[in-house]
Every structure is written in C-alpha cells, then in structure tokens.
Amino acid sequence: LIRVRQDSCDVAVIGAGMAGMAAALFAAQRGLTCIQVGNSGGLLFASGLLDLLGVHPVAEGRLWQSPFAALAALAREEPLHPLARVDALSIRSAFESFVAALGGAGLRYAPLGESNRTVLTSIGTIKTTYGVPKSMIAGADLLDARPPCLLLDFRGLREFSARQIAAALSERWPGLRQGQIEFPGCEALPELYSAHLARALESRQTRARTIALVKPLLGDARAVGFPAVLGLARSGEVHAAFEAGLGVPVFEIPTMPTSVPGLRLLRALEAVMSVRGVRRYHQAGVRALAFDADGGSATLDLERTPGARDGERVRARAVVLATGRFTGRGLSADRAGVRESILGLPVQQPDSRAAWHQRDFLDPSGHAINRAGLCVDDAWRPLKADGTPAWPRLHAVGSILAQQDWMRSKCGSGLAIATAWAAIDQVGRELRGKGAG
Amino acid sequence: LNSPKNTETQVLIVGGGATGTALARDLALRGVDCILVEKDDINSGASGRNHGLLHSGARYVAGDRQTAMECHAEGAILKRVAPQTIEDTGGYFVAVQGDDERYIADFPSLCARAGIAARAVDLAAARALEPALSERTIAVFELPDASIDPFRLSLETMAHARSLGARLMRRTRVLGFEREGRRIRAARVQCGGEQLRIAAAQIVNAAGAWARELALLAGAPIEMTYFKGTLLVTHTRLAERALTRLRPPADADILMPGGTVSIVGTTSTPVDALDDVEPTTAEADLIVAEAAHMLPALATIRYIRAFAGVRPLVGSAGAAGGRAISRGYELFDHEDQGLDNFATITGGKLTTCRLMAERAADLVCRRLGVTRPCVTATTPLPVDPQCGWTEPGRSPRAWMRSHTPDDTLLCECELVPGRAVDAIYDALRAAGDVPTLTDIGLRSRVGKGACQGAFCAPRTVAHLYNRGDFEAGRGLAEIVDFFSERWRGQRAVLWGEQLAQAELMEALHCGLFGEELHWEELRTEAPRNAGIGGATGDAPTNGGSP
C-alpha cells in the first residue's frame, strides 16, 4: 500500500539553494502560500558573499566597479542573459528584501550601495562582489588604501594560510603582515574544523583567550583579518566582541567550502522559511510532476528517498523550478547530451559533447556547457522546442537558465535572487488575476 | 656570451622513462658513472601513460612470439626483484559472443609454443570471481598477467641508481651535440635558465617517443612511427584481475586494476606530432562502447579521467592502425651512420624495460671496456619509502596505522597526509630541485581522486606556504599550472557525476577565487617543456597513474 499525504499551496518551489530560498521568501512576502521541496545542502558551498555582476563580458574578463553599469552593458550586449531581463529597480528591491530577511534572522550584511566591493580570498586573490556580510566588510576595498594590516590563522586549519595570502599580496601591499596562533583548547589537535572553531568562539572564555593571543601581534595594524570562523549562530556578537577586544576593525575571509559563512547562510535562510510559514520538504525529491489538463494546477508526487513507496502529494497553483545545474541535479548529462532532470524539458546546449569544454580549464571565454540550460519566455516559463511555454504555470529561475555563465560573470547570487524576484512577481500577478491566493 | 658550465660523465642517458631509469641503475650497479637528463620529469612520456600492465606475453603470442616470450620472462623477473611495485593480480583472457572462434581455439597452443601457461577457466567460476564479466562470455583463460605501478618502478629505480652515484637532471633538455669525427664529445643542455655542457664517453638515447628527434640532433636519423593511445580511469575498481579481450589486439580490449580504480583502453591512432596529444570525447566514446562488450558495467560506470600517450614504435608507417608493428624493442649502435659512441634504445614495452636497459648497458660497457656483467635480473630493487606514495590505497593504510599526532590529511579523497608531501618535497629539495605542485602530484596521490585536485591542491599549497617552502604569488601559479594539466585528462570524461564534480571545481576556483582572471598573466611566465630539437613535449600529468 502506498500512503500518500496531501498538501496544497499557491506556489511550489522545487529547489532549496539560493534561488529556491529566494523564490520561497519572495512568495511568502507576497502572501502566497508556499511549499518548498529539496535539499538545502548546496548552500553549504556558498561563501556568504552575494555577487551581483562582477565581470562582463566574460571573454574579456572585464571587472566592473558598478554592478548597475555592468548590468546596463549586459542588457545592451547580451539581451538574452537572464539578468538582462530583470530591470534594475527589481534587482535592487530583490537584494534589499533578501538581505533584510537574512538580517532579521541574525545574519547581518553591510548596507548595499552602488558599488561592487573587493575582498580577499583564502588563496590570496581579490574577489569582486556586491553584498558583503557585516563580519567581512572591514576587509572590503582594503587593497585601495593598503593600510597596515594583520592576517591571522590557526595552526591546523588546513585550507587557510594567512602566510599564503600575505605572500601573494606582498608586492602590492607591503603593510600586510601575517601570524599564526594556536586555537585555545585545541593545542593538541592536528586538524581543526572551521565549524568547530566557530562554535567554540561563541564561548566568552575561548573568545577572551583568543583575543589575548592576538593582542601582542597587533603592532601598527589598523585592521585584523581572520578565517571565517567568528561564531555561527551568534556571529554578530562574536565579531563585535573581537572588534571591541582588539580595538581595531576585524574582518573575516571566507575559507574553502563547505565553510562557516555557508553554514550561517543555510541556518539563517531556514529560519526565514520557518518564520514566513514556508512548509519545507527538505529531504524529499520530486518523483513526478504533472499539470492538470487545463494547465491550471500541478500535482507533485514526492518521495522521501529515491524509490520509497510512501510519500507526499502536493497540489500547487504554480510551480517554480529552482533545481540548479549539474551539482544541484536540476540538469543531468550523459555522453549523448544534457537533460532537465524532472520533466525532461528541452535544454539549449552545444551540438556535441566535444564542444562542451574548452581545451584549457581557465580559458577566458569560458566553457560552452555552462551556458546550456532552459530557455524561458518573458514570464520565466520554460519553452518547448516549438518556442511556446511548456506549461502556463511552470516557471524556472536561477542557474538552470540558459545563456549565462554565473561562475565567470561573478553573478551567482544575483542570478538567483533577481530571477526569483521577477518570476515570483509574475506568479503573483497570474494568481491574483485568477482571483485567489 | 656566457661560457657554458662544464660537467662530465662516462655515460650520458637522455630520457627519464622506464628504460632510461633502468639503464641508469644497470650502469650504476656495474660501477659506471652516468648522468640522466630528462626534459620534464620521471615517466613524462609513454612510461607514465599506459595501463600499468605487466604482460604475461599472451597478448602477443599470435603476432609476435619473440615479444611474447620476452614479456613472459621479464614479467617473472620483475615480480621477483621489484615485488613492491607489483600487484600480482593474475589475468583473464576473455572472449565474448562474436569473437573469432579460431583465434580462441588456437590460443592455448600458441601460448604453449611461447612457453606461457594458459589455463582454461570454467565460465561460471570465472564470472563468480569477476562478476563484472559479460553474460555473453564464451571463453576464459587464466594467465600470469599482473598490475605494475610504473611511477613507483621508475622513481624507485632512479632512487637506487642515485644512491649508487648516478646523477639525475630533471627539466633539462638537450640542445645539441658537439661532434668530432665518429665521436660525440659532449652535449649542450638547457637546465632551467642556464646552459651546460656535459662531456661523455658514451651517450644513450632513451628518449622514448622523442628518440627520433634526439637521433636527428646527433646526425643519426632513425625511422619511427607514433601511435596515440587513450585510456580511461574509472572511479571505482571494477575487477580484481587484469582482463584482456581474447582476440587479435584491437581497441579498448584491456581493463587493468590500478589500486582503487580500473584503467580501460586503449585506442591506436597515428599521429605526426608529439605535442597536443590529449584524449578526445570521441576516443572516450569509442572505448566505452567497445569495452562494454566484455564488461557491460563500463557503459554506466563513473569515469574520473582520461589520459593519452604516444607509443614509440620502430619502423615505418603504413601498418594497419599500428597494431601490426612489432612491440619489440630496437637497439641502434649507429656505427653504420658514422658514430662510435652513441646508441638508441627505443620501442618495446614497459614490461621489457629492464631487458632493454640490459642490452643498452651491455653495448655501452663493451665500448667502455667495462667487463662487469648485468646484475639487474637478480638484484632486488630496494624499497624506498619516499617512492611509495604513488601507490593507490597505501596512504589510507599508512594513515590508519601510523599517523602521528601532529600530522594532517591534505587530500581527503585519497587520504594523503601532510608528511607524505613533506617527505616528497624535502627529498626533491635535498637533490637540489625546486619542487612544484605538479612534481608532488606525480609522486603522490594528490589530485588523483574524484575531486581531481579541486580541494587538495589549494590545501597542499597552503601547507607548503605554512612550511615556508612557497613564497610570494607562487602558490596561485602552481595551482593554475596543476589544474591546466589535470584538466587535459578530464575534458573527455565529463558527463554524469564527474561533470557535477567539475562544475563544483569551477565554482570554487573561478566563481570564488577568480583564477581565470589571472590565467593570461600566469601562463605567459616560464614557458615549459620545450622538447628536444624544438618539439614541444607532452607535459607531465602523471596521466597514467590512476
């Protein structure tokens, strides 16, 4: 016997990465009832930095100080890029709403402005980004002024070497010093894990001991950088305590994924979903998705584990597909080609696998496979081969969309947040037009 | 003009593959002083880009009995003197429906005539022991094939030679020879930023596929044909034994265990140039389709990389697909070309590298008047703990058994501890080298697991910075260099799970780190591996080591 529980909502969001979370948030903010399906583990790979648009065009590797000027250029030169199809005002509203919601869940971001910011990465490169967590903002744009600055790491935190970052920047930034300290209480451990350190620093005592170890190293430093381990749930408090204790601005540098900033983002977004009343089926996958013959509503059959007999059934008046690309499982590829994983929607893609990837991993023009994906109409509805929408109430957002290369453009979060905003705006109008919701 | 620095030796060996290193050891054991120059690194050519199959010889019984018998004898010798480099898996020769029945019927007697014991195996028993074999299997014979780690073999062979006084110069390419009458007096070589002159009484060309160019530099041309062979590495090990399709040698008919993975191939395509030899998607498709006849799971299994090498075969083109040219080796004394102290040893198989070295060393010793005989067939190859990190599965065992409290794990796919990297780095440093991340990759499992270096490469670099080994912006340059080499082997097999893995790698290294924005500036720095005589060499990727 197959047990089926039934649930219903205005919008079913499939996917719980950045785009799925943004879509569910924006839907709930509009008063739409929302169910979210999918594993949110992909967020652990986020850095906490919210890129909007840093590079355009990709082949030239041109970096932009103003993401909005970059967006205007993108709209002129690549009108089919998903971000080019969202107006600037909507993008600003979407980002403001998103970071406000995170702030409400205890993950504060620095005020969003007109400019991109530059931050240090853990291998000593400079990253152009837009939304910067408050705990990282004191490190933003430091390379412009290059003040005396101290970078620290903890012995045993394998993927983060302050020495590496300082060495990589030594020519451009002579005042950048580095040091290494033992993490209090972990002196005997060969390997440290960032999430463990982040939790430990929520203890006032561990914090005080750490600050005491840093103080003698301060010298003339006008700011101090740490790997991103300054607290987890109470990162705001931990960060403030470090600044108060050291008497200089303190900033975090994201570590390699999965990182503490990713964990914070995941926790904050889960809290937002909970507060907003989004019902989450976070361990479930979609076994089947079918629309009513009139295209009015959809039925999603969920499974707890692949092949499980019992599951849930969700009725939804609209569906937002935010399932991501290959890592997120929204797209799947075999030797013959790329498929959309749930409905088998047409995927725009190169003619043959030989054209998927460039000969060089870092080829400036990027890999053609990364621009493969779903084509959508102006209402964000995936198109069939004949160019008409697959279903009237099926929408797609985020990285599954074609015509973009978010990794090279530095626009991952922007793509997720902006397209989620635009699609939910569309869904809201559709459902309101039908008189309910 | 700078006058080049001088050094001298009795024998100059060119080429650091299986043959060149074996020759250095052979000569060193006979008390002969030698220098080995290698334009890239140990096993950069075909020696590092093969199945790792220690042949029983049975593959060649029908077409080339001489090679079959040599492989058989040499396989047995290596199992005795270098057991640490070998996993004595045994092998099955497997025929499936549709394969040539006459070939199958003749096979046992052909083996017998070559002195090779082939034992027919009951089909049900064979499939019980190797469940991946096709249901359409119609004949199975057991042969004494085995798996050999070619990197460990060459690294340990060279380490032994060095302990006996032989000198190794990596990243050193021959620019030209000084010839006087019938003798070459010296070689001019480029070593890093400087030129050196190496005077030698004898010179041996063991440059593998590059032997043709080197012989030409010496003014003694030889005829060689190049065939590219591509192989795929699976994510998991599919079979316990060396599995060979029971038919005349053709594409994709060998599946080798390589520690925790399997290696399947090869293809055979004639190529003119030695550069730009990389696996293609078409070759990967061909291997998957063809090999799935013997092992159906190969159609759906996850692959983590591909690699391609060039078979240096002696002789002229025209032979069908290169399969018909002899796998036998060739020793040229070049005396009929007016040279009395130059020799070329090339062709052959990994399995016969010791024998090839013995023949070359015999010639050189005769010319030098050295009468000590070859002892490599009986002298055990000493185990060198620093050369053991290439072995798949060693690290986890070593880690579980004996990791010290202050040791850290740098690679989580293959469990490479920090002390492995330390040992490799320090050994290279002690020999006067400037070790790179790519060097460490060749001598360990760093970058060999499913993540292909996405996580362990930055971790290893951070580790080396913390040790004070890396300075300034070198780390980024090393990571970029390492990935560009690893990538060549990934492109052809990026579908399914491995495509998701590659996407994750790009999200980290491009999305977060923005390495592609530094690519142009970094790749224009030191131009690497300009090959002998101007040919560009295939860069070292350790492709062959799974």
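**Note on a helix pair and a cavity**

1. In this predicted model, helix 7 of chain A crosses helix 8 of chain A in the right-handed sense, that is, with the near helix turned clockwise from the far one by less than a right angle. Residues are numbered from 1 along each chain as its sequence is written, and chains are lettered from A in the order in which they are written. Local features need pLDDT of at least 70, while totals for linings use all residues.

2. The two axes, those of helix 7 (residues 204–214) and helix 8 (residues 235–246) of chain A, come within 10 Å and cross at roughly 40°, axes being lines fitted to C-alpha atoms over the stretch in contact, with angles from 0 to 180 degrees between N-to-C directions.

3. The contact (heavy atoms within 4.5 Å) involves A:R207, A:T210, A:I211 and A:V214 of helix 7 of chain A, and residues of helix 8 of chain A including A:E237, A:A241 and A:F242. By class, this contact has six nonpolar, two polar and two charged residues, with Gly counted as polar.

4. Eleven cavities of 30 Å³ or more are counted, a cavity being a set of points on a 1 Å grid where a 1.4 Å probe fits but cannot get out, with lining residues having an atom within 4 Å of a point. The second largest cavity has a volume of about 100 Å³.

5. Among the residues lining the second largest cavity are B:R25, B:C353 and B:R354, and helix 1 of chain B gives the most to this lining, with three residues.

Key. This is a predicted model: local features need pLDDT of at least 70, side-chain atom pairs count only at pLDDT 80 or more; totals for chains, interfaces and linings use all residues. Side-chain values use heavy atoms; hydrogens and water are left out. Helices (H or I, at least four residues) and strands (E, at least two) are DSSP runs, numbered from the N terminus. On a 1 Å grid over the protein atoms alone, a cavity is a set of points where a 1.4 Å probe fits but cannot get out, and a pocket is an open set with protein on both sides within 12 Å along at least five of seven lines; lining residues have an atom within 4 Å of a point. Grid points are joined across faces, edges and corners, and a volume is the space filled by probe spheres set on the points.
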